[in-house]
Amino acid sequence: SRKVETTMDPATRISRIAVAVLVKEREAVNPETGLIEPVPFPEETLEEIRKLVAGVVGLNEERGDLVTVTAQPFVQQLDESVKVEWFEMGWIKLAGRREVPGRPVIYATTPEFLDHFGLSSRRDLPGIDELKAAGLLDPVEDAYDAMQEEADTKEQNSDDVDEDADETAFADEENAESAEPSAA
């Protein structure tokens with residue numbers, strides 16, 4: 001028996017990893033003022049987090065890898081000049097996943113959504129037929145039909161090319177047969 005082994009250097013190499021972790025400082029009520037104030041993490045806790053992250057990313061200090069962990073208070077409320085996108089307003093929430101191939105995500109509206117639009121319940125939302133009539137919804141069936149028509153058109157064009165090729169080949173065969181000398 002014979003053993004053949006080939007070792008190749010990887011096509012790419014990691015030259016350096018730099019990771020920054022921002023941890024939200026804890027908050028507590030100051031007994032003297034009654035205000036909520038940030039409570040800094042002890043340095044030992046931040047070092048434990050740094051070691052955890054370093055282990056996860058495969059930190060190699062010889063390569064110059066770096067992990068920085070910092071604790072800061074997070075902003076609780078945005079300034080009015082900052083535009084908040086609709087998907088950041090808490091109007092929808094993750095409700096689960098469908099038990100079908102691909103496991104698509106299911107979202108649900110929240111009470112904030114209903115309040116914002118002046119609705120008393122989800123039953124006040126327009127139905128699919130109303131959305132279609134208003135032109136606000138591209139029905140899946142229509143999109144599927146359009147996609148199927150496009151595929152059929154491509155297939156038909158492909159068949160036309162194949163038929164033309166078959167007719168040309170048949171004509172070439174007939175010409176070749178008539179051009180052969182007769183054995184008389």
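**Salt bridges, core and pocket**

Arg13 pairs with Asp9 in a salt bridge, with 3.8 Å between the closest N and O atoms. The model is a predicted one. The distance meets the salt-bridge criterion because the cut-off between a side-chain nitrogen of Lys or Arg and a carboxyl oxygen of Asp or Glu is 4 Å. Arg13 is exposed, at 61% relative accessible area. Asp9 is exposed as well, at 63%.

By the same rule, the count comes to six salt bridges. Among them is the pair Arg63 and Asp65, whose closest N and O atoms lie 2.5 Å apart. Here the two residues fall into separate accessibility classes. Arg63 is partly exposed, with a relative accessible area of 27%. Asp65 counts as buried, at 7%, because the limit for buried is under 20%. Arg103 is partly exposed, at 39%. Glu99 is exposed, at 68%. Side chains of opposite charge can pair when their charged atoms come close.

The largest nonpolar core holds ten residues. They are Ile17, Val19, Val23, Phe41, Leu46, Val53, Ala54, Val67, Val69 and Ala71. Strand E1 (18-24), helix H1 (43-57) and strand E4 (66-72) each give two or more residues to this core. Phe41 is one of the core residues. Leaving aside residues up to four places away in sequence, Phe41 touches Val23, Leu46 and Ala71, and also Lys24, Glu25 and Arg26. Val23, Leu46 and Ala71 are themselves listed in the core. Lys24, Glu25 and Arg26 count as charged.

The largest pocket has a volume of about 160 Å³. Its lining consists of Trp86, Ile92, Tyr107, Ala108, Thr109, Phe113 and Arg122. Strand E6 (residues 105-109) supplies the largest share of this lining, with three residues. By class, the lining of the largest pocket comprises five nonpolar residues, one polar residue and one charged residue. Arg122 is the charged member of the lining, because Arg is classed as charged.

Conventions. Residues numbered from 1 in each chain as written. Predicted model: local features only at pLDDT ≥ 70, side-chain atom pairs only at ≥ 80, totals over all residues. Heavy atoms only, no water. Buried < 20%, exposed > 50% of the residue type's maximum accessible area, 1.4 Å probe, protein only. 1 Å grid on protein atoms, 1.4 Å probe; cavity = no way out; pocket = protein on both sides within 12 Å on 5 of 7 lines; lining within 4 Å. Points joined across faces, edges and corners; volume = space filled by probe spheres on them. Helix = DSSP H or I, 4+ residues; strand = E, 2+ residues; numbered from the N terminus. Core = buried A, V, L, I, M, F, W, Y, C linked by side-chain atoms within 4.5 Å. Contact = heavy atoms within 4.5 Å.
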